[in-house]
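The following note sets out some points for a colleague to consider alongside the coordinates.

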Amino acid sequence: ISELASDFAFKLRIDHEARLTRVWTAGAFEATLGWRTEDVDGHGWFRMLEPGARKQLISEYRTIETGPPVEFERRLVGGDGRPRWIHLRLVRVHRETGGSLEVIGSARDVTALKLAEQEREQLARQVERVQRLESLGLLAGGIAHDFNNLLFGIVGNAELAMADTPEVSPAYECQQAIVHAARRAA
């Protein structure tokens, strides 16, 4: 049953130089991660880590060392080079006098869930952007409407002033320019 799922369990030993020795693995380790179990022995398991992940592993290792079970998600590099999100549960079983740490754990591939979560977040950002653009459009439309109302008053008053001004007056040309500019702006 465990081989049909994306789950796997393991027991391993890690020495003080971060060399890993598998005691046993069960389930879909190879199918899930795309690595043969022997590929991760020794320092081979470093190939599954993304750059910069070793520092974080040191703090997780110290947490495991103290005894309480730990649970976390880790993005690993699969045997095909594609990233895989794995949910891990680990607990220290034994601490040897030579410095090796025995750990048992279970793991589950949560890549599909992570991808769905990322897609949902991306859609939420798109909806938010569309809503902002819609709000901006409504605001711009309201401003344009208010501005057009102001221009209508300017045109009306300038035309009334032109009716009382002789066409030969220099003010008449200025009033015509006001009417022309306001209509163009409207």
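1. Val93 is placed in strand 4. The model is a predicted one. With a relative accessible area of 43%, Val93 is partly exposed, and together with Val23, Trp24 and Ile104 this residue makes a nonpolar surface patch of about 310 Å².

2. The largest pocket holds about 730 Å³ of space. Its lining comprises 34 residues, and those nearest the centre are Leu12, Ile14, Leu20, Trp45 and Leu57. By class, the lining residues are 22 nonpolar, three polar and nine charged.

3. Several elements contribute to this lining: strand 1 (7-14), strand 2 (20-27), helix 1 (29-33), helix 2 (53-65), strand 3 (70-77) and strand 4 (83-95) each give at least two residues. Helix 2 provides the largest share, with eight residues.

4. The model contains 14 salt bridges. One of them pairs the side chains of Asp15 and Arg19, at 3.0 Å from N to O. Asp15 has a relative accessible area of 13% and is therefore buried, the cut-off being under 20%, whereas Arg19, at 34%, is partly exposed.

5. Arg36 is partly exposed, at 46% relative accessible area. Its side chain meets that of Glu38 in a salt bridge of 3.7 Å, N to O, and Arg36 also forms a salt bridge with Asp39, where the closest N and O atoms are 2.9 Å apart. Glu38 is partly exposed at 42% relative accessibility, while Asp39 is buried at 18%. Elsewhere, salt bridges with shared partners join Lys11, Arg13 and Glu102 into one network.

Conventions. Residues numbered from 1 in each chain as written. Predicted model: local features only at pLDDT ≥ 70, side-chain atom pairs only at ≥ 80, totals over all residues. Heavy atoms only, no water. 1 Å grid on protein atoms, 1.4 Å probe; cavity = no way out; pocket = protein on both sides within 12 Å on 5 of 7 lines; lining within 4 Å. Points joined across faces, edges and corners; volume = space filled by probe spheres on them. Helix = DSSP H or I, 4+ residues; strand = E, 2+ residues; numbered from the N terminus. Nonpolar A, V, L, I, M, F, W, Y, C, P; charged D, E, K, R; others polar. Patch = residues over 30% accessible without salt bridge, like charges linked within 9 Å, V, L, I, M, F, W, Y side chains within 5 Å. Areas by Shrake-Rupley, 256 points an atom, 1.4 Å probe, with all protein chains shown as cover. Salt bridge = Lys/Arg side-chain N within 4 Å of Asp/Glu carboxyl O. Buried < 20%, exposed > 50% of the residue type's maximum accessible area, 1.4 Å probe, protein only.
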